[in-house]
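Please look over the sequence and the model before reading on. The briefing below is meant for a reader who is new to this structure.

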Amino acid sequence: MIQKAETRIVTLTLAPSLDSATITPKIYPEGKLRCTAPVFEPGGGGINVARAIVHLGGKATALFPIGGPTGAHLAQLLEQEGITTETLETEDWTRQNLHVHTENTGEQYRFVMPGAKLTAAEFDALSVKVTQLPAGSILVVSGSLPPGTEVAALTGLLQKAKLAGLHCILDSSGDALAAGLKLGGLALVKPNQNELAQLVGHPLEKPGDVLDAARQIIRDGGAERVVVSLGPQGALAVDAERWFQVIPPPVKKMSTVGAGDSMVGAMTLKLAAGADLLDIVRYGVAAGSAATLNIGTRLCSHTDTQGIYDYLCQQTPAH
């Protein structure tokens, strides 16, 4: 996958994490649960989007705050992966999350800690880094907001990014996603079906409800492209002129952790290459499906993604 040389991709993660994954035979109360040696990986929406882009052969810079020994470990892991980073030192330590896979049931347990707090000055410093990016760059804002950071701060950052000539992709949920769409002009958003129902304020029960809701976002000027993730049913992609539903082949899912970030990374890479809507969603679904083939927090691989993408290119999507 080759992106246009002039299109820079930067991801912003406001609440990054150091993720540790382990395996235990079974989970039960009170007793000691014997676990395998933990595997540490970078975590946080935007960071994983950048990692997925690099895994797929593209280039991206991960912008994020780091604090304490956990933050230093996170930065070290990304350096080892060859990920270009731009960081801001913070007072609060970077959080550490825990993912546990149980052998006897195959279940995944995800223990997610609160993100490190950002002071007003720290958030402003991150905003300045965003506004200094070259016009025409793609900014992917992905993940949750840190405790104490108001939605208004996020929309203010997005507004500054738009004024700086950046193409913004927002992968969030709840009030943050709603506020971003209200601001409008986003290049792409990727809600799931439940998140889309919350945005429009009513259940999406009929076959055409999801399409109608996505089209409403386009008509209201919230985003140029809406890709609704539908789990096993793939994704529905909509812009002002067309819509496509791309359904992945059946695969043995080991974990859904990282699937959404892989999908956003792949779609961002295609967008940077100037691809059309169908190609964007096909590559996104391929990467998201590829990520589910791995245990724990691993993202998509280039080989698995390409294989699924080649399969999807031979299928006729619903449209």
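The notes that follow begin with the basis of the model and then go through cores, helix packing, and single residues.

This is a predicted model, in which local features need pLDDT of at least 70 and side-chain atom pairs count only at pLDDT 80 or more, while totals for chains, interfaces and linings use all residues. Residues are numbered from 1 along each chain as its sequence is written, and side-chain values use heavy atoms, with hydrogens and water left out.

**Nonpolar cores**

- The largest nonpolar core has 46 residues, among which I169, V227 and V281 touch the most other members; such a core is a set of buried Ala, Val, Leu, Ile, Met, Phe, Trp, Tyr and Cys residues joined through side-chain atoms within 4.5 Å.
- Buried here means under 20% relative accessible area, exposed means over 50%, and partly exposed lies in between, using a 1.4 Å probe and protein chains only.
- A second, separate core holds 40 residues, including V141, L196, V226 and V228.
- When residues up to four places away in sequence are not counted, V227 touches L188, V189, K190, P191, A235, L236, A237, M263, M267 and V281, where contact means heavy atoms within 4.5 Å.

**Helix packing around α9**

- Two packed helices are described by the angle between their axes and the distance between the axes.
- Helix α8 (residues 259–272) packs with α9 at an angle of about 150°, their axes being 7 Å apart, which makes α8 roughly antiparallel to α9.
- For these values, axes are lines fitted to C-alpha atoms, for helices over the stretch in contact, and angles run from 0 to 180 degrees between N-to-C directions.
- Angles under 35 degrees count as roughly parallel, over 145 as roughly antiparallel, 65 to 115 as roughly perpendicular, and the rest as oblique.
- The crossing of α8 and α9 is right-handed; a crossing is right-handed if the near helix is turned clockwise from the far one by less than a right angle, and left-handed if anticlockwise.
- Residues that make the α8–α9 contact include M263 and M267 of α8, together with Y283 and A287 of α9.
- Helix α10 (residues 302–313) packs with α9 at about 135°, with the axes 8 Å apart, and the two helices are therefore oblique to each other.
- The crossing of α9 and α10 is also right-handed, and among the residues making this contact are D279, R282 and Y283 of α9 and I308, Y309 and L312 of α10.

**Buried polar residues**

- T102 is found in strand β6 (residues 95–102) and is buried, with a relative accessible area of 1%.
- The side chains of T102 and T105 are joined by a polar contact of 2.7 Å; a polar contact is a pair of N or O atoms within 3.5 Å, where within protein one must be able to donate a hydrogen and the other to accept it, and residues adjacent in sequence count only if both atoms are side-chain atoms.
- Leaving aside neighbours within four places in sequence, T102 is in contact with T24, P25, K26, I27, E107 and Y109.
- S17 has its place in strand β2 and is buried, with a relative accessible area of 1%.
- The side chain of S17 makes a polar contact of 2.8 Å with the side chain of D19, and another of 3.3 Å with that of N97.
- D239 lies in the loop between β12 (235–238) and β13 (243–246) and is buried, with a relative accessible area of 15%.
- A polar atom of the D239 side chain lies 2.9 Å from the backbone nitrogen of E241, and a polar atom of that side chain lies 2.7 Å from the backbone nitrogen of R242.

**Loop and helix-end details**

- E30 sits in the loop between β2 (17–24) and β3 (39–43) and is exposed, with a relative accessible area of 82%.
- Most residues other than glycine have a negative phi, whereas phi of E30 is near 75°, a positive value in a residue other than glycine.
- N192 caps the N-terminal end of helix α6 (residues 193–200), with a side-chain oxygen 3.1 Å from the backbone nitrogen of N194.
- Just after α6, G201 takes a positive phi of about 85°.

Notes. Helix = DSSP H or I, 4+ residues; strand = E, 2+ residues; numbered from the N terminus.
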